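Please look over the structure shown below before reading on. The briefing that follows takes up its domains, an annotated position, strand pairing and aromatic rings.

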Amino acid sequence: MNHQKSNFSYWKRIKIAFQYLMPQLYLTRLAGWFAKQQWGAVTHFVIKLFAKKYNVDMTEAAKPNFKDYASFNEFFIRPLKENARPINQDSNALCLPADGRISECGHIDNDLLLQAKGHYFSLNDLLAQDAELVEQFKQGEFATIYLSPRDYHRVHMPCDGTLRKMIYVPGDLFSVNPFLAEHVPNLFARNERVICVFDTAFGKMVQILVGATVTASMSTVWAGVINPPRPEQVTTWTYDGDNAIQLQKGQEMGAFQLGSTVINLFEKDLVQLADHLQVNVPVRMGEILAQGK
């Protein structure tokens, strides 16, 4: 038994070390290049293999035939059939922004968020040292959703919102699967990410798209592809007056070309997360995320 535990621990260490040693950016660029190629029958074969390996439910897709996708990217950000994801219509409810599984959720303890059992990271690191934002979300609530390769990879609005700020934060490209979330300190606050700040009827809300290994790009509906390019400095866009972007509950706001994680932040005492949201619980876009207080 001790021998089995030793071997298991050994392979865990190998997997973790590989994440630090592998050329993250090079592999991500290679994956992005591959995903854009239009190789006809070869592309369709690769898509079919991927869908089989990850048990992708193509009956939900607006285009269920593999041959309808010219590239792997088109397949990966495939739209769903109309009404495949009903949006919770309660005016006092916020809905889940994406398909996936709950990585963690709950209360922000002063400025600390739970990453995985025994591991925390700070709002200050997550929000790229934006002091005003950090203060607004201390003692608030958060939800982290992991999107696996099989999931629908468009991201939607939990409620009506007015976009006020978008921040691109350069960073690492560690995998964000549950195993790495348990073993790479500060994972979500060290990876590349796009932070979107909204005014809503439920106070300020932040929705963060977190990059990862082979996540070739992240995009928003108002700005298109954010990365690449990948500037080395934090970049901020503000949206005021005539530049304000209005989005409605359930409306698409962004997408991942190869999957990752979405984090939502809410201000103190303004929302109550749904009781059924627990670690590793599968969720679907449009289902209830929280209720306004």
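A polar contact is a pair of N or O atoms within 3.5 Å, where within protein one atom must be able to donate a hydrogen and the other to accept it, and where residues adjacent in sequence count only if both atoms are side-chain atoms. This is a predicted model, in which local features need pLDDT of at least 70 and side-chain atom pairs count only at pLDDT 80 or more, while totals for chains, interfaces and linings use all residues. Residues are numbered from 1 along each chain as its sequence is written, and side-chain values use heavy atoms, with hydrogens and water left out.

**Arginine 154 and its contacts**
- The side chain of R154 makes a polar contact with the side chain of E252 at 3.1 Å, and a polar atom of the R154 side chain also lies 2.6 Å from the backbone oxygen of I77.
- R154 is found in strand β6, residues 154–156 (strands are DSSP runs of E with at least two residues, numbered from the N terminus).
- With 17% relative accessibility, R154 counts as buried, a class that means under 20% relative accessible area, whereas exposed means over 50% and partly exposed lies in between (1.4 Å probe, protein chains only).
- Leaving aside residues up to four places away in sequence, R154 touches several residues, including R78, P79, P97 and G254 (contact means heavy atoms within 4.5 Å).

**Domains**
- The domain assignment, which is automatic or from a database, gives domain 1 (10–77) and domain 2 (93–292), and their centres, taken over C-alpha atoms, are 23 Å apart.

**Annotated serine**
- An unreviewed UniProt entry places the feature "modified residue: Pyruvic acid (Ser)" at S260, although such annotations may be inferred rather than shown by experiment.
- S260 is found in the loop between β14 (252–257) and β15 (261–266), and S260 counts as buried at 0% relative accessibility.

**Strand β2**
- In strand β2 (residues 100–107), 6 of the 8 residues are buried.
- Strand β2 runs antiparallel to β5 (residues 141–146), joined by 6 bridges, with H107 opposite E141 (strands pair if DSSP finds at least two bridges between them).
- Strand β2 is also joined by 2 bridges to β17 (residues 282–283), again antiparallel, and the bridge partner of G100 there is V283.

**Aromatic rings**
- The whole structure holds 10 aromatic pairs, for which rings of Phe, Tyr and Trp (its six-membered ring) must have centres within 6.5 Å, planes under 30 degrees apart being stacked, over 60 edge-to-face and the rest tilted.
- The F50 and Y54 rings have centres 4.7 Å apart and planes at 50 degrees, so the pair is tilted.
- F50 is buried at 15% relative accessibility, whereas Y54 is partly exposed at 30%.
- Ring pairs link F50, Y54, Y69, F72, F75 and F76 into a cluster.

Technical notes. Helix = DSSP H or I, 4+ residues; strand = E, 2+ residues; numbered from the N terminus.
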